[in-house]
Amino acid sequence: MLEIRDLHVSYGKVDAVRGVSASAAPGRITLVLGANGAGKTTTLRAAMGLLPVRSGQVLLDGKPITGRPTHRIVRDGLVLVPEGRQVFAPLTVEENLVLGGYTTSRDKAAETMERVYEMFPILKERRNGPAGLLSGGEQQMLAFGRALMSSPRAMMLDEPSMGLAPTMVESVLGTVRTIADSGIALLMVEQNADMGLEIADDVVVVARGEVVFSGPAEQARRNTSVVRAFLGEAALGA
Amino acid sequence: MIGWYEANLVLIEATFLNFLLALSIQVPLRLGVFSFAGVGSYGLGAYTAAILTLRYDVPAFVAIGAAVLLAAVVGYLFSLLVARLNGLYLAMATIAFVLIIAVLATNGGELTGGANGLYGALSDLTTGGVVAVCVVVAVLLALTERGPLRRRIEAVREDPELSLSMGIGVVPMRQMAFAVSGALGACAGAMNALLRTTVSPEEINFHLIVLALTMVIIGGSRSWIGAFIGSVIFTWLPSVLASAGRWQDVVYGVIIILAAIFMPTGLLGLVQTLYQKLRGRRSAAVTAEAPADDTAEERALLQALGGESRGGVQ
């Protein structure tokens, strides 16, 4: 269970996040929606310890992890898949995965790697090639796989569908559902509200650093005016 | 008639000392950290070894060992001080560190001999000892260029934040790099002071910073082999260029500019690329039926990609 409670983050004098709360239970996906600059990415980065938190709390299974160094938070069981499918381009696919398992034992990592390869056969096919030569969708899968390597209890995804071909978006988001179903708590930021709502269990809508809507995804799917009101027509496609 | 070895002993020794100096810049650079603190440590090490030898007449290995240890600790403490700096700001702070060491040496009174420096630090250090130290250092560094440690180092250089997000302790690794850089720089400085029996504040100047950086960039910044190639070239080049007379500096400058333009991955990178190209062409000819995902074209792309991400200083 990942819980973010009343989080405040500022860049100098600018308050980027003003009291955001969001939570994700094991096996469930919480979708964070919001326009550009709403503070979504800032929230994830602060929860991960990559930005200083001004006030508020981040709890993992009830244990506060606020303000801990990032590399310790990973050991605590929370992992971030950052925006823009970042992989270590010159390293091979397998080396990227091995790095992802840095915090676990060798046996555990080998075991998880088998599972990752099962989940993404394409990664196994290209295990010895440089990660930089993978397609966009494949790099996103590698980023997922690498995050899974740390055997996390909770995962935060920052815009997994960004910059992918439409057909790829569907398969990537399908993968996100599979990951959640394996019992991991997922907190996902997405601009593609339409697709995101299809797989999400709960939704949090953020505008100018504040939560403006929070509830089950079903409700947002039925009553699209909620999403429409805060994100505009574009977010729900044509 | 004296042999080539005796005639060039000073240059041979200087090659190995420059090798260590170059490594003191290269170690942090491999983690993506632009630090010249190793040059300051060179001065720190030189003075420490000279003072210990002059005042207490300790054996060479004790003087060098103490210098290395002191510089490693100072390097570590310095890394805490500049922990929040990055890129150019960090580079500037490390240059300031070098200049501070030089100022301390000039104004150290009786202890450092002031502007004249220290003379007569006679010790039992031999050329063989210098070479032995360099071999040990090269072996240890070669170990960091393979296996799990290489992956970690490359990950931290490519993307420190992503490395953090994977649980890699980026900050401790950087602190370690500063300590190792300090130790390497001090080792070079201490051995230089003991071999020459003198040390003066003029030695720790901007020229030494430029030399150290040039050796690493032109030789190759990713491997100890690159640092060695660089140290050989830039130790011997001035004496080779002596025949150019008063044009010596111009020729030196032109060579560096051309190298920077045409060898962005250093000499070592150039040799590796050529080798891979040769091998790639041969194996493509042998395996007429290459698997679909491993065509020569893709391999060329791979090389271009690898070359690009390895090129320059990030």
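The model is predicted; local features were considered at pLDDT of at least 70 and side-chain atom pairs at pLDDT 80 or more, whereas totals for chains, interfaces and linings use all residues. Residues are numbered from 1 along each chain as its sequence is written, with chains lettered from A and ligands numbered from 1 in the order in which they are written.

In chain A, 6 strands are arranged as an open, mixed sheet in the order β6-β7-β8-β3-β9-β10. Helices (H or I, at least four residues) and strands (E, at least two) are DSSP runs numbered from the N terminus, and two strands pair if DSSP finds at least two bridges between them. The edges are formed by β6 (78-81) and β10 (210-216) of chain A, each of which pairs on one side only. From one strand to the next, the twist averages 15°. Axes are lines fitted to C-alpha atoms, for helices over the stretch in contact, and angles run from 0 to 180 degrees between N-to-C directions.

Strand β9(A) (residues 202-207) is joined to β10(A) in the antiparallel sense by 6 bridges. Within this pairing, A:Ala207 has A:Glu210 as its bridge partner, and A:Val205 lies opposite A:Phe213. The hairpin of these two strands has 2 residues between them, and A:Arg208 adopts a positive phi near 45°. Towards β3(A), β9(A) runs parallel, with 5 bridges; here A:Gly34 is partnered by A:Val206. Of the 6 residues of β9(A), 5 are buried, a residue being buried if 20 or more other C-beta atoms lie within 10 Å of its own, exposed if 12 or fewer, and partly exposed in between, with C-beta atoms placed from the backbone.

In chain B, the axes of helix α2 (residues 9-30) and helix α10 (residues 206-219) come within 8 Å and cross at roughly 70°. The two helices, α2(B) and α10(B), are therefore roughly perpendicular, the class for angles of 65 to 115 degrees, with under 35 counted as roughly parallel, over 145 as roughly antiparallel and the rest as oblique. Residues in contact have C-beta atoms, placed from the backbone, within 7 Å. On α2(B) the contact involves B:Asn18, B:Leu21, B:Ala22, B:Ile25, B:Gln26 and B:Leu29, and on α10(B) it involves B:Ala212, B:Leu213, B:Met215 and B:Val216. By class, this contact comprises 8 nonpolar, 2 polar and no charged residues; Ala, Val, Leu, Ile, Met, Phe, Trp, Tyr, Cys and Pro count as nonpolar, Asp, Glu, Lys and Arg as charged, and the others, Gly among them, as polar.

The largest nonpolar core contains 164 residues, and those with the most contacts inside it are A:Leu186, B:Leu20, B:Cys187, B:Ala190 and B:Ala212. Such a core is a set of buried Ala, Val, Leu, Ile, Met, Phe, Trp, Tyr and Cys residues joined through C-beta atoms within 7 Å. Helix α9 (residues 170-196) of chain B contributes the most to this core, with 15 residues.

Between the chains, 19 residues of chain B are in contact with 25 residues of chain A. On the chain B side, α14(B) gives the most, with 6 residues.

Note on methods:
Two residues are in contact if their C-beta atoms, placed from the backbone, lie within 7 Å.
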